[in-house]
Amino acid sequence: MQQLGKANSANIETWLETINTYNSTPEFGTTRVLFTEPEVGARNYVKGEMKKLGMTIHEDAIGNIFGVYPGTDATLPPVWTGSHIDTVLNAGMFDGMSGVVAGLEAVRLIRESGISLRRSLVVVVYTSEEPTRFKLGCLGSRALAGKLDAAEAATLHDAAGKSLYEVLEQLGFPVQDFDLVKKKPGDVFAAVELHIDQTGVLERAGKTVGIVKTICAPTVLEVEVIGRQSHAGGTSMEERRDAYMAACELALVLENLGRHSDSEYTTVTVGKVEVIPNAVNVIPGKVVFSVDIRDCDYDKKNELVMKFRQAVSKVESERGVAVTIKMVNNDHPMGCSPKITQLIEKNCCQQDVPYMYTISGAFHDSMLVGDFAPVAMIFVPSHDGISHSPQEWTDFDDLAAGTDVLTGTLVALANA
Ligand SMILES: [Zn+2]
């Protein structure tokens, strides 16, 4: 019986470092924004490496890249692996790219072992997981999930005013086939994404692999507080209806709800605050702030939002302000497929790789792919959990160990 070899950390390093040369800010970290020159360069480099590994390549209307390593039965739905190669501004070299490179190494190992696969194995590079250019993330996987069509692509604009649709058309993507991007359940047998851990939990626990149980999903609110704008000196403490102080109280209520949530993983963030008129000697009459709530449990997340709304009513009556809450989105967390996570666990045990079950607080393309296929994620440790930073670092040996677990899992899925 043919045996899989071991992933080569030097290969992984070379691929990552070469992708990292496609960078518009070499003086500080890595910046590779969707369809800029470095990003297109990196796409071409990855496609070239896929070809060398005997894969056939196609791209869809939104620019997702599919490198297909053919199985023996073309009628069977394929197995997918992959991630993204675009970055935020001044990022590191591992977030996203690790999953693509692990997919390439998996194909190399399978090819060299002589093991044949029944199902095709597809390495996917999802278009723009990061929201850097069009202010919306997961563009490629969103379109695959049927949540972004041609009409919406025409409404997304970058800072220069160009629409996503326009950019795709100019680059020669088959925009006339936009309707064909969407996948339906059954089209893909299973999808497994390797990604760096962005919390530091694996490093703290001394584990090489994290098996993701659930990918948390965000709820985003826009909260507007209307008070009464008046003179900072002329309005007594009793008389004032300070929109900013009311907003602060609400932010603290929210923090408290997040801290005391009985869900397995909850985060709450007020990241954007607009104070009007924003002057030293004027009591703010209006404040608009954002609320980002992440949870791995949809019902608990909704319960937290309900408690926040109750607190809002209390603050309104106590402080004489009027608050309106707009729900921008309320996404469902994605449970990973127990069948796949058990396979990953089996591979960790067989390969003596220390592992733990974990939760992804950040969302990934897998969250959207989960709309039409069973998904799972393999996390590898990142130093201090730092990501979206030039300091982002994952040891190549850990990446190789994660790749071995990924490869074993992909082979089992492709022959299932
Ligand atoms: Zn990522």
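**Entry 1: the whole chain**

I began with burial, and buried residues make up 53% of the 416 residues in the chain. I took buried as under 20% relative accessible area, exposed as over 50%, and partly exposed as in between, with a 1.4 Å probe and protein chains only. The model is a predicted one, in which local features need pLDDT of at least 70 and side-chain atom pairs count only at pLDDT 80 or more, while totals for chains, interfaces and linings use all residues. My numbering runs from 1 along each chain as its sequence is written, and side-chain values use heavy atoms, with hydrogens and water left out.

I then looked up the secondary structure and noted 12 helices and 16 strands. These are DSSP runs numbered from the N terminus, helices being H or I of at least four residues and strands E of at least two.

For overall size I looked up the radius of gyration, which is 23 Å; this agrees with a compact globule of 416 residues, for which the value would be near 22 Å. That radius is taken over C-alpha atoms, and the globule rule is 2.2 Å times the number of residues to the power 0.38. Along the principal axes, the C-alpha atoms fill a box of roughly 85 × 45 × 40 Å.

Of the contacts with a separation of 6 or more, 78% are between residues 24 or more positions apart. A contact here means heavy atoms within 4.5 Å.

**Entry 2: surface and charge**

The chain exposes about 17,800 Å², and carbon and sulfur atoms supply 52% of that area. The areas come from the Shrake-Rupley method with a 1.4 Å probe, and for residues only the protein chains shown count as cover.

I noted 37 positive and 54 negative side chains, with the centres of the two sets 4 Å apart. Lys and Arg count as positive and Asp and Glu as negative, while His and the chain ends are not counted. Each charge is placed at NZ of Lys, CZ of Arg, CG of Asp or CD of Glu.

**Entry 3: the zinc ion**

I looked up which residues hold the zinc ion. His-84 (NE2), Asp-95 (OD) and His-195 (NE2) coordinate the zinc ion at 2.0 to 2.2 Å. Along the chain, the donors have the spacing H-x10-D-x99-H. Donors are N, O and S atoms within 2.8 Å of the metal (3.2 Å for Na, K and Ca), and sites may look incomplete because water is not among the atoms. Both His-84 and His-195 are buried.

**Entry 4: two buried helix residues**

I placed Glu-49 in helix α2 (residues 37-52). Glu-49 counts as buried because its relative accessible area is 11%. Beyond residues up to four places away in sequence, Glu-49 touches Trp-15 and Leu-104.

Thr-407 sits in helix α12 (residues 396-414), and its relative accessibility of 1% makes it buried. Leaving out residues up to four places away in sequence, I found Thr-407 touching Leu-4, Ala-106, Leu-109 and Ile-110.

**Entry 5: backbone details**

I looked up a cis peptide bond, which joins Ile-276 and Pro-277 with omega at about 10°. Pro-277 is in the loop between β10 (273-276) and β11 (282-283).

Phe-35 is not a glycine, yet it has a positive phi of about 60°. I placed Phe-35 in the loop between α1 (9-20) and α2, and at a relative accessible area of 9% it is buried.

Asn-90, also not a glycine, has a positive phi of about 50°. Asn-90 lies in the loop between β3 and α3 and is partly exposed at 25% relative accessibility.

Asn-302 is in helix α9 (residues 298-319) and, at 26% relative accessibility, is partly exposed. Its C-alpha atom is 8.7 Å from that of Asn-330, 28 residues apart along the chain.

Pro-374 is in the loop between α11 (365-369) and β16 (375-380), and I noted it as partly exposed at 37% relative accessibility. Pro-374 and Ala-190 are 184 residues apart along the chain, with their C-alpha atoms separated by 5.0 Å. Apart from neighbours within four places in sequence, Pro-374 is in contact with Val-188, Phe-189, Ala-190, Ala-191, Ser-337 and Ile-340.
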